[in-house]
Amino acid sequence: MKDVITIGEAMVVFNPVKTGPLKFVPSFDRNIGGAELNVMLGCSRLGLSTGWISSLGDDEFGTFIQNFARGEGVDVSEVKRTEDYPTSLNFKEIREDGSGKTFYYRSQTPTRALRKEELNEDYIKNSRVLHVTGIFPALHEGAKEYMKEAVAIAKQNGVTVALDPNIRLKLWSKEEARDTLKDFLPEVDILLSGKEEMELIFETKDEKEMFARAERFGIKDIIIKDGSNGASGRRGGDRHHEDSRPPQKVVDTVGAGDGFDAGYLYGYLQGWDLGKCLRFANTIGSMVVSVVGDNEGLPYLSEVQEALGEKEMIER
Ligand code: KDG
C-alpha cells in the first residue's frame, strides 16, 4: 500500500546560472522538474511511501529523471519508457526577486505514449491518496482521458483524490482550463489551489465566495494558497487562516506550491487538524523558495520540525 501516488510529466529543467532575460544567460544547471513529481519528492522526503505514473523518453535524459526519482525513494515501476517521443525540457528564467518565466520544450511529450486501457488499476487501488494537477490534462487530449480514468478508478475504490489546479497558461487557454478542471471537481476530496487559480475557476475575487462555490462540488478540504499572505482552508465546519512564514530569502519561487501540497498531504495522512496541516505546509513552502530549483529546496521531516521549533537544531 502506497501513501500517495501521482500521474504527471517530469522534464529536465535548465536553471540559469544568472538572473535576467534568458537570451543573455550563457549557461545552465541541469536539474529536474514537474509539479506532480515534485510533490512525490516532497512526500518521500517527509517519510511517506510514494509512486509515480508517467512516461519518459527512452533516452539519456529519461534515464537521468527515472534514476533521480528512484534515488529519492519514489516508486517508478509505473513509469514507461518510449522510443517514439523525447524526454521534455524546460528552461527557466529567474529575475532578481526570485520570480521568473518558464520556456517549455514539451509539445512532443512522451506522455503521448500512455494509454488509458493500460492503467494499472491495482496500483491506484492500493494507495491512500491519488494526487493530480491541471498540468497533465493540459498536455494533450489523451492525457486528459488518462487522468479521468485514473480518477474514476480511485473514486470507485475509496482512494482520496487531491487536485492542485496548477494552471499553466502556456499549455491551454483560461476557458479550457476552467471547463476541464470543473469537470474533475465533483471527484475531488482535497483541493489545493492558488488564489489566482480559484479566481479563474470560480470567476470571483471574493474569497468567501470561492469557498462557497467550491463547497458546492462536495469537496471536503478546500485550501487556498496565497503566497506570502499565507493560506486559508475549510474542512467541514472548520475554517482556518494561517499566515505564511517569512522565508530566509526568496531566490526561486517555483515549486513552493508543490512543497505546500506535500506538507498538506503529509499532515492529512497523519490525521492532523486543519490548522496544523496549514502551518506545516506553509513552512515547507517558505523553505522551498530559499533554494534555486523546482524541488531542491524540499525539506526532510526533521528539517521542517527544526524550522517549526519542534526539534532542536544542532549545527556543529
Ligand atoms: O510547480 C512547479 C512546476 O511548475 C515545475 O516543476 C515545472 O511542472 C512544471 C510545469 O509544467 O511548469
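## Surface charge, backbone and aromatic rings

Tutor: Lys23 is exposed, with a relative accessible area of 68%. Please keep in mind throughout that this is a predicted model.

Student: In which loop is Lys23 found, and which residues gather with Lys23 in a patch of positive charge?

Tutor: Exposed means over 50% relative accessible area, and Lys23 has 68%, so Lys23 counts as exposed. Its place in the chain is the loop between strand S2 (11-16) and strand S3 (28-33). On the surface, the residues that gather with Lys23 in the patch of positive charge are Arg95, Lys101 and Lys170.

Student: Is Asn166 buried or exposed?

Tutor: The cut-off for a buried residue is under 20% relative accessible area. Asn166 has a relative accessible area of 6%, and therefore it is buried.

Student: Where is Glu203, which also has a positive phi although it is not a glycine?

Tutor: The phi of Glu203 is about 55°. As for its place, Glu203 is in the loop between helix H7 (195-202) and helix H8 (207-215).

Student: How many aromatic pairs does a search of the whole structure find, and how is the pair of Phe202 and Phe217 classed?

Tutor: The search of the whole structure finds 10 aromatic pairs. For Phe202 and Phe217 the distance is 6.2 Å centre to centre and the angle between the planes is 55°, and the pair is classed as tilted.

Student: Which parts of the chain does this pair link, and is Phe202 buried or exposed?

Tutor: The pair links distant parts of the chain, 15 residues apart, with Phe202 in helix H7 and Phe217 in the loop between H8 and strand S12 (221-225). Phe217, at 26% relative accessibility, counts as partly exposed. Phe202, at 3% relative accessibility, counts as buried.

Student: Why is the pair of Trp272 and Phe280 edge-to-face?

Tutor: Both Trp272 and Phe280 are buried. Planes over 60 degrees apart count as edge-to-face. The ring centres of Trp272 and Phe280 are 5.0 Å apart and their planes stand at 80°, so the pair is edge-to-face.

Student: Which residues form one aromatic cluster?

Tutor: A pair of aromatic rings is described by the distance of the centres and the angle of the planes. The residues that form one aromatic cluster are Phe14, Phe28, Phe61, Phe91 and Tyr105.

Note on methods
Residues numbered from 1 in each chain as written. Predicted model: local features only at pLDDT ≥ 70, side-chain atom pairs only at ≥ 80, totals over all residues. Heavy atoms only, no water. Patch = residues over 30% accessible without salt bridge, like charges linked within 9 Å, V, L, I, M, F, W, Y side chains within 5 Å. Areas by Shrake-Rupley, 256 points an atom, 1.4 Å probe, with all protein chains shown as cover. Salt bridge = Lys/Arg side-chain N within 4 Å of Asp/Glu carboxyl O. Lys, Arg positive; Asp, Glu negative; His and termini not counted. Charge placed at Lys NZ, Arg CZ, Asp CG, Glu CD. Helix = DSSP H or I, 4+ residues; strand = E, 2+ residues; numbered from the N terminus. Buried < 20%, exposed > 50% of the residue type's maximum accessible area, 1.4 Å probe, protein only. Phe/Tyr/Trp six-rings, centres within 6.5 Å; stacked < 30°, edge-to-face > 60°.
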